[in-house]
Amino acid sequence: MFKLSLMDYVPPECADKFGEYFDITDNTDEATALLLNGMDMTDFEFSPYLLALGNMTAGSDGLPLEQLAQSGIPVFKGAKGTGASSIKEMAVGIIINSLRKLGRLSALCGMYNADLEQARSQALYTGSEMRGKTVSVLGMGKAGVEISNTLAFLGMNVIGFDPGMSLEAAHHLAPEVAISNDPMTLFPEADIVILCIEGIAAGPLVNAGMLGLFKPGSILINLTGAEAVDEEAILNAVDSGRISEFITDYPSAAIAGHPGITCYPGIAASTKEAALETASSISDSLLDFIKNGNIHNSLNFPDCDLGEIDEENRICISTVGIPDPMTLAAAILDGIDIEDMDGGVKDDIGYAVVSTKDPVESVPKIEGVTRIRVLTDI
């Protein structure tokens with residue numbers, strides 16, 4: 001049995017997903033893996049015995065990914081598409097709430113001490129319908145496709161954009177959803193823009209230049225991450241009226257409470273159903289890494305897969321600054337009969353797994369190698 005520490009609140013049903021192979025421990029110094037649910041780990045002291053982290057949230061805020069990678073510790077997230085149904089419902093709810101002004105109208109009842117006649121007189125004809133409005137969805141992963149299909153079903157004109165859209169996503173996309181190949185055409189006619197991208201490059205996707213293309217008075221919804229937008233540009237766009245409202249699931253002190261900005265506390269994929277789905281995916285990834293050396297769905301390491309270990313030894317080598325970790329692994333293990341190997345590089349972080357039936361007594365650790373693990377099933 002391996003040992004798992006729960007670093008902050010995880011629904012008990014999710015913890016049960018790890019029960020078959022992991023003992024839950026409060027002692028992080030003896031834990032094989034840590035499971036997080038949004039906790040800030042920036043100043044956390046990681047044990048040298050720690051092998052991996054699981055991250056229940058969609059983003060990476062508060063995670064020292066580079067530090068962990070340089071210590072040979074992968075951080076696993078839920079597989080792509082986990083929580084998609086929850087994110088879809090959040091997006092639809094946000095749009096309805098914004099267009100119908102539900103939050104403000106609910107407050108009117110309290111303002112007039114439940115004098116419904118007075119409240120109703122203030123509320124008449126203040127909202128608008130979704131039907132017929134144009135929405136641009138950036139990101140055609142599983143969540144983006146589900147959002148697009150649902151909004152099209154509700155009568156909206158939906159335009160999607162994702163240069164990396166998979167064949168599977170395209171197959172599940174409703175025929176009513178139009179696809180644009182030019183992101184610059186998405187904004188001038190859109191009443192609503194939704195950011196729902198599974199992983200983005202460094203730097204904000206929406207900046208002052210991009211906001212200048214938006215339809216005046218449009219609504220921007222961020223379900224991607226805090227890093228997806230330039231917050232100063234957002235504040236200027238809201239104050240100038242370029243966008244009527246910015247709605248985000250990734251609040252910060254700079255924007256929370258600002259007029260025209262609505263913040264939610266990172267809840268798009270935090271339903272119990274989504275949490276169970278994510279926990280199950282992370283459990284599979286953690287176990288596959290610890291037992292077999294394979295890596296899938298990591299925030300800071302490349303994918304690597306040799307299948308289930310079977311009557312063999314495996315040498316798992318983590319590197320930093322090495323362009324070809326598999327070539328390095330072959331050189332380090334010179335003289336060992338290599339049956340199979342896999343590996344790759346993500347940013348500056350490399351990883352390689354080597355399979356052999358030869359005995360492995362020791363592996364030299366040279367410059368550029370951050371961690372070596374030897375797994376055996378012989």
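Colleague: Which conventions apply to the model and its numbering?

Modeller: This is a predicted model, in which local features need pLDDT of at least 70 and side-chain atom pairs count only at pLDDT 80 or more, while totals for chains, interfaces and linings use all residues. Residues are numbered from 1 along each chain as its sequence is written, and side-chain values use heavy atoms, with hydrogens and water left out.

Colleague: Why is asparagine 222 called buried?

Modeller: Buried means under 20% relative accessible area, exposed means over 50%, and partly exposed lies in between (1.4 Å probe, protein chains only). Asparagine 222 has a relative accessible area of 1%, so the residue is buried. Asparagine 222 is found in strand 10 (residues 218-222); helices (H or I, at least four residues) and strands (E, at least two) are DSSP runs, numbered from the N terminus.

Colleague: What does asparagine 222 touch, not counting residues up to four places away in sequence?

Modeller: Contact means heavy atoms within 4.5 Å. Among the residues that asparagine 222 touches are Leu195, Phe246 and Tyr250.

Colleague: What makes glutamate 146 and lysine 88 a salt bridge?

Modeller: A salt bridge requires a side-chain nitrogen of Lys or Arg within 4 Å of a carboxyl oxygen of Asp or Glu. The distance from N to O for glutamate 146 and lysine 88 is 3.8 Å, and the pair meets the definition. The two belong to distant parts of the chain, with glutamate 146 in helix 6 and lysine 88 in helix 3, 58 residues apart. At 22% relative accessibility, glutamate 146 counts as partly exposed.

Colleague: Why is the pair of phenylalanine 289 and tyrosine 351 called tilted?

Modeller: Rings of Phe, Tyr and Trp (its six-membered ring) pair if their centres lie within 6.5 Å; planes under 30 degrees apart count as stacked, over 60 as edge-to-face and the rest as tilted. The centres of phenylalanine 289 and tyrosine 351 are 6.3 Å apart and their planes are at 45°, so the pair is tilted. Phenylalanine 289 lies in helix 10 (residues 272-292) and tyrosine 351 in strand 15, 62 residues apart. Phenylalanine 289 is buried at 3% relative accessible area, and tyrosine 351 is buried at 2%.

Colleague: What cluster do the ring pairs form around Phe289 and Tyr351?

Modeller: Ring pairs link Phe76, Phe289, Phe301 and Tyr351 into a cluster. A search of the whole structure finds 7 aromatic pairs. One of them joins phenylalanine 18 and phenylalanine 22, with 6.0 Å from centre to centre and 70° between the planes, and is edge-to-face.
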